[in-house]
Amino acid sequence: MSSHLLVLSLLLALLAVVHCGPGADHGWGYDEDNGPDTWQGKCQNHLKQSPIDIRAPDVDYALLHRMHFLNYDMDGKIELSNTGRTLFAGGFESWQQKQPMIQGGGLKHRYKLVQFHLHWGQNDAVGSEHALGSLHYPAELHLVHVREGLTLKEALTRPDGLAVVGVFLAKTNDPVANNFSPISERLHDVRHSGNKTEIKNFRTKYVLPFDTEAFYRYEGSLTTPDCSEAVVWTVLAEPVAISSHQLHLLRQLHNKELVKSDKNYRPLQPLNGRRIQYRPSKLDRAMICSSAATTLTIFSTVFAFFMTMIY
Ligand SMILES: *[C@@H]1O[C@H](CO)[C@@H](O)[C@H](O)[C@H]1NC(C)=O
Ligand SMILES: [Zn+2]
């Protein structure tokens, strides 16, 4: 073997070691041997991690502007894939001027949708990553948006590089087709890890609830390695319906180990002093106004009563 070849093969071997060595993206999952307890780095030692439990004592009422979902009613082609860890929908960058985006809702920038994916659990009492007062929905969908003007890599290094919208999926016993059908109808095509399929004429608003007015907001992280703290979280208060059959289909998807991936959620992380903002719906605002009016009425009645006592 010539010395050139020897150097080349040594370099290749080194490359392989570096690429597959510890710290690489390989190997993490949701099983006992590779699950969240074993995730390293930021996942273990950082303080603004996600998901969190949204508990009333940690929530502040915030009069934020409503969130705008731009181009969410446009249709386009997406690629649905089974990554072995989640059900993943991508391809939005190629929609160009039709690419869905979000702005408003207290966000300081505009963010472009790059993918959405799902988290679920082995039974209906678990599955969503976020919880409301310790209660979980059976699944949660994450719409991942990158700050306009940044690459994904750049976005991961900024505290507000990504804006992820979390949508809870609530079980319905109504077997008729719902908005989740365009995806669930294709699940048999992506049963195995690595399988991909295309969905044409997909509208992103299919996976949003009808009412997007009310939401929770906090600063957190990716819920998968490397757990970068680069996410402005928006968790919508209103869930989207998913049937028990559709949930069953999700739990049948196979993971990298060629077995059913019946769970892919990260457990709740400590809040560590962070506050959660709650942006109410219009209805809530009407209630504030009417309760203020009631208070005023009671006050003036009492005042009038005292005046009659005095005179
Ligand atoms: C899905 O993946 C399996 C295992 O790799 C493969 O045998 C099968 O042909 C794939 N199916 C499709 C529709 O791509
Ligand atoms: Zn996620």
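Helices here are DSSP runs of H or I with at least four residues, strands are runs of E with at least two, and both are numbered from the N terminus. With that in hand, let's look around this predicted model. Local features need pLDDT of at least 70, side-chain atom pairs count only at pLDDT 80 or more, and totals for chains, interfaces and linings use all residues. Residues are numbered from 1 along each chain as its sequence is written, and side-chain values use heavy atoms, with hydrogens and water left out.

| Site | Feature | Loop |
|---|---|---|
| Ser50 to Pro51 | cis peptide bond, omega about 0° | Pro51: between α2 (42-45) and β1 (53-54) |
| Pro225 to Asp226 | cis peptide bond, omega near 10° | Asp226: between β12 and β13 (231-236) |
| Gln96 | positive phi of about 50°, not a glycine | Gln96: between β5 (87-90) and β6 (101-104) |

**The zinc ion**

What holds the zinc ion (ligand 2) on the protein side? The donors (N, O or S atoms within 2.8 Å of the metal, or 3.2 Å for Na, K and Ca; water is not among the atoms, so sites may look incomplete) are His117 (NE2), His119 (NE2) and His142 (ND1), at 2.0 to 2.1 Å. Two of them link distant parts of the chain: His117 sits in strand β7 (residues 111-120) and His142 in strand β9 (residues 139-147), 25 residues apart. Along the chain, the donors' spacing reads H-x1-H-x22-H.

**Ligand 1**

Around ligand 1 you'll find Asp189, His192 and Asn195, where being near means having a heavy atom within 4 Å. The side chain of Asn195 has an N or O atom 2.3 Å from an oxygen atom of ligand 1. Taken alone, ligand 1 exposes 360 Å², and the protein buries 31% of that (areas by the Shrake-Rupley method with a 1.4 Å probe).

A pocket is an open set of points on a 1 Å grid over the protein atoms alone, where a 1.4 Å probe fits, with protein on both sides within 12 Å along at least five of seven lines; lining residues have an atom within 4 Å of a point. Of its 16 lining residues, Lys108, Arg217, Glu219, Val232 and Gln277 are the closest to the centre. Strand β12 (residues 215-220) gives the most to this lining, with 3 residues.

Technical notes. Chains are lettered from A and ligands numbered from 1 in the order in which they are written. A polar contact is a pair of N or O atoms within 3.5 Å; within protein, one must be able to donate a hydrogen and the other to accept it, and residues adjacent in sequence count only if both atoms are side-chain atoms.
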